[in-house]
Amino acid sequence: MRAAFENLLGTRVIVESDHPGDESAPLSDAETALVARAVDSRRREFRVGRACAHRALARLGIAGHTIGAHPERDPVWPDGIVGSITHTVDCGGRLRCVAAVAPTRVAAGIGIDAEPSTPLDDDLMALVCRPGEVASGDRDAAKVVFCVKEALYKAIFPLTRRFLEFSDVSTTVSLADGTFTARAVTGAGGPRFPEGRSVHGGVVVLDGLVLASLRLPPGF
Ligand SMILES: CC(C)(COP(=O)(O)OP(=O)(O)OC[C@H]1O[C@@H](n2cnc3c(N)ncnc32)[C@H](O)[C@@H]1OP(=O)(O)O)[C@@H](O)C(=O)NCCC(=O)NCCS
């Protein structure tokens, strides 16, 4: 997963994935408090995701930073750093986590998402995909769109601090090229992501997972 996201994001973005032992990696008291009342599986994914993120920050020379969370759950990165975290469960039932970080001179925002490459639930099709965005009934393509839109949201939200519905964005995906374009089709993203604005990212299906990512250019 790490190599796949490195390929998608480029060499200037630091990517780290889960290592053995991450489930017992130390958290600061403030980080521990964020999931104090959560169920075990959530505490586990949080700890492993934070371990990946701390390892990635260490490669930028940053140690000891508490990665807090805003009320809307996006991580609090050190000043001058952007990043993103994803957790999923692979087809062997194993928890997989990835974190990607970069200085703001490299990216204005980063979004990564990993999802099992299983068909999207039928009842989510109309919520996730705009009319004509995927062929009628193509739940595999819809799952890719879901993953792409979640990655987009993670990159954009810290800049706009505006909630986006799936229907606020229209995507064009080419799995053959490993790329996607996502375009705001409403004004819900505000002035930083106005109607008509497009962003570009990468997407791949690998080992039973859909992986999507985007790096917003500096100054976005
Ligand atoms: C936030 C959201 C995208 C997370 O995706 P997910 O597939 O459920 O879960 P993942 O494990 O991949 O990612 C979770 C991580 O995303 C990050 N995250 C959560 N909320 C976030 C936000 N508002 N902005 C950026 N990152 C966020 C966190 O790091 C979180 O992990 P942590 O709590 O352990 O730190 C999703 O739960 C959500 O709210 N989606 C609705 C909004 C949306 O996607 N709209 C589509 C617009 S086109």
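Visitor: Leaving aside its neighbours within four places in sequence, which residues is Val15 in contact with?
Guide: Welcome! This is a predicted model, in which local features need pLDDT of at least 70, side-chain atom pairs count only at pLDDT 80 or more, and totals for chains, interfaces and linings use all residues. Residues are numbered from 1 along each chain as its sequence is written. Two residues are in contact if their C-beta atoms, placed from the backbone, lie within 7 Å. With neighbours within four places in sequence left aside, the contacts of Val15 are Arg2, Phe5, Glu6, Leu9, Ala56, Val98 and Ala100.

Visitor: Does Val15 count as buried or exposed?
Guide: Val15 lies in strand E1; helices (H or I, at least four residues) and strands (E, at least two) are DSSP runs, numbered from the N terminus. A residue is buried if 20 or more other C-beta atoms lie within 10 Å of its own, exposed if 12 or fewer, and partly exposed in between, with C-beta atoms placed from the backbone. Val15 has 28 C-beta neighbours inside 10 Å, so this residue counts as buried.

Visitor: How many helices and strands are in the protein chain, and what is its radius of gyration?
Guide: The protein chain has 5 helices and 10 strands. The globule rule (2.2 Å times the number of residues to the power 0.38, with the radius of gyration taken over C-alpha atoms) gives 17 Å for 220 residues, and the chain comes close to that, so it is as compact as a globular protein of that length. To answer both parts together, we have 5 helices and 10 strands, with a radius of gyration of 17 Å.

Visitor: Which residues of helix H1 are buried?
Guide: An α-helix has 3.6 residues a turn, so residues three or four places apart point the same way. Helix H1 covers residues 2–9, and its buried residues are Ala4, Phe5, Leu8 and Leu9.

Visitor: Within what arc do the buried residues of H1 fall?
Guide: The arc is that of the directions from the helix axis to the C-beta atoms. The buried residues of H1 pack against strands E1 (14–17), E5 (95–103), E6 (109–116), E9 (198–206) and E10 (209–216). They line one face of the helix, because seen down the axis of H1 they fall within an arc of 120°.

Visitor: Which element gives the most to the shell around the ligand?
Guide: A residue is near a molecule or strand if its C-beta atom, placed from the backbone, lies within 6 Å of it. Of the 22 residues around the ligand, Arg73, Asp74, Thr86, Tyr153 and Phe157 come nearest. Two or more residues each come from helix H3 (40–59), strand E4 (81–89) and helix H5 (139–160). The element that gives the most, with 7 residues, is H5.

Visitor: Which residues form the covered face of strand E8?
Guide: In a regular strand the side chains alternate between the two faces of the sheet. In E8 (residues 179–184), the uncovered face holds Thr179, Thr181 and Arg183, while the covered face is Phe180, Ala182 and Ala184.

Visitor: Over how many bridges do strand E7 and E8 pair?
Guide: Two strands pair if DSSP finds at least two bridges between them. E8 is joined to E9, running antiparallel, by 5 bridges. Between E7 (residues 169–174) and E8 the sense is also antiparallel, and the count of bridges is 6.

Visitor: What is the phi of Arg161?
Guide: Most residues other than glycine have a negative phi, and most peptide bonds are trans. Arg161 sits in the loop between H5 and E7, and it counts as exposed because it has 12 C-beta neighbours inside 10 Å. Its phi is positive, with a value near 50°.
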